Amino acid sequence: VNQMVVQGIFKPEGFDLSIAMDGTQCLDYIKKAMNKQAPMPSVLLLDSMMPGMSGVEVCTKLREKYNFLDLPIVMLTCRTSAEEIAAALSAGCNDYVTKPFNRIELLARVHTQLGMKRCYDKARELSSSMPKALPPPAPVPAALPVPEPPAAIAPASRMVADSPDPWSSPIQADKRREDGQTSVASWSGARGGTGLQVELLQTRIGKLRRENDEMRRSLREQQRDNQAIQAQLAAKNNEAQHAWKQLMECEEELEGCRQQCEDSLDQIKLQA
């Protein structure tokens with residue numbers, strides 16, 4: 001009889017109902033739903049008095065695996081004593097309705113549980129899709145100092161002026177001429193070897209300048225990469241703030257559902 005009454009209340013409202021005849025069938029159905037063999041109920045209406053296991057026992061077993069928002073449970077009871085109601089709530093039911101059913105009250109309580117579950121599912125989905133915080137970008141090194149060229153090359157020339165010129169001997173000079181290096185040998189003979197040393201220093205300075213230019217280009221590339229990472233981090237932070245705002249809106253919607261339910265119950269009590 002109770003099942004027929006429940007069907008008459010919820011089917012005209014567009015609800016899909018799955019019926020279990022006792023507590024064992026109820027637990028078996030939930031197990032099948034966990035294995036994707038049956039649809040998981042959005043709200044479970046549980047009769048406190050059933051053959052075999054009582055509604056309180058079934059509720060206690062279900063709460064070992066499912067919390068109040070994963071599987072909302074509304075207990076249907078014909079006992080109105082404070083002890084019986086406290087036992088049902090202690091077992092883990094979200095709400096209770098006393099028999100005989102009041103259609104408006106039962107629908108209001110079920111809609112409240114459905115609204116809370118929708119908000120909970122949406123908040124959990126938003127939380128799982130939130131991007132993780134990016135690590136802070138690596139610090140950009142300071143600009144490398146540019147090596148200054150020697151103030152004067154003359155002192156370096158004087159330092160090496162007294163060193164023996166490897167091309168000063170006639171034999172080596174002839175060999176150098178044979179290799180097509182007459183100009184350098186002539187410069188060495190004219191300057192006593194200092195011209196070659198000056199040329200080597202200038203070559204070294206040019207190489208250092210090229211290396212410095214290369215390091216500057218590398219530094220600029222690192223700075224551009226750092227700016228790109230900072231832009232990505234700012235975009236991710238904006239997404240996280242947007243997701244948090246949506247979560248707050250869900251909580252406000254949930255609070256509105258609760259307030260609406262309380263107002264409905266107050267009206268029902270006044271009509272009674």
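**Pockets and salt bridges in a predicted chain**

Biologist: How many charged residues does the lining of the second largest pocket have by class?

Modeller: By class, that lining has five nonpolar residues and no polar ones, where Ala, Val, Leu, Ile, Met, Phe, Trp, Tyr, Cys and Pro count as nonpolar, Asp, Glu, Lys and Arg as charged, and the others, Gly among them, as polar. A pocket here is an open set of points on a 1 Å grid over the protein atoms alone where a 1.4 Å probe fits, with protein on both sides within 12 Å along at least five of seven lines, and its lining residues have an atom within 4 Å of a point. The charged residues in the lining of the second largest pocket number five.

Biologist: Before we go on, what kind of model is this?

Modeller: Residues are numbered from 1 along each chain as its sequence is written, and side-chain values use heavy atoms, with hydrogens and water left out. Local features need pLDDT of at least 70, side-chain atom pairs count only at pLDDT 80 or more, and totals for chains, interfaces and linings use all residues, for the model is predicted.

Biologist: Which element gives the largest share of the lining of the second largest pocket?

Modeller: Among the lining residues of the second largest pocket are Leu27, Asp28, Lys61 and Tyr66. The elements that give two or more residues to this lining are α2 and α3 (55–62), helices (H or I, at least four residues) and strands (E, at least two) being DSSP runs numbered from the N terminus. The largest share, five residues, comes from α2.

Biologist: Which element gives the largest share of the lining of the largest pocket?

Modeller: The largest pocket has a volume of about 950 Å³, a volume being the space filled by probe spheres set on grid points that are joined across faces, edges and corners. Of its 33 lining residues, the closest to the centre are Leu17, Ser18, Ile19, Leu44 and Leu45, and by class the lining has 24 nonpolar, six polar and three charged residues. The largest share of that lining, five residues, comes from α1.

Biologist: Is Asp47 buried or exposed?

Modeller: Asp47 and Lys99 meet through their side chains in a salt bridge at 2.8 Å, N to O, a salt bridge being a side-chain nitrogen of Lys or Arg within 4 Å of a carboxyl oxygen of Asp or Glu. Because Asp47 lies in strand β1 and Lys99 in the loop between β3 and α5, the pair ties together parts that are 52 residues apart in sequence. Buried means under 20% relative accessible area, exposed over 50%, and partly exposed in between (1.4 Å probe, protein chains only). At 16% relative accessibility, Asp47 counts as buried.

Biologist: What is the form of the peptide bond from Lys99 to Pro100?

Modeller: Pro100 lies in the loop between β3 (95–98) and α5. With omega near -5°, the peptide bond from Lys99 to Pro100 is cis.
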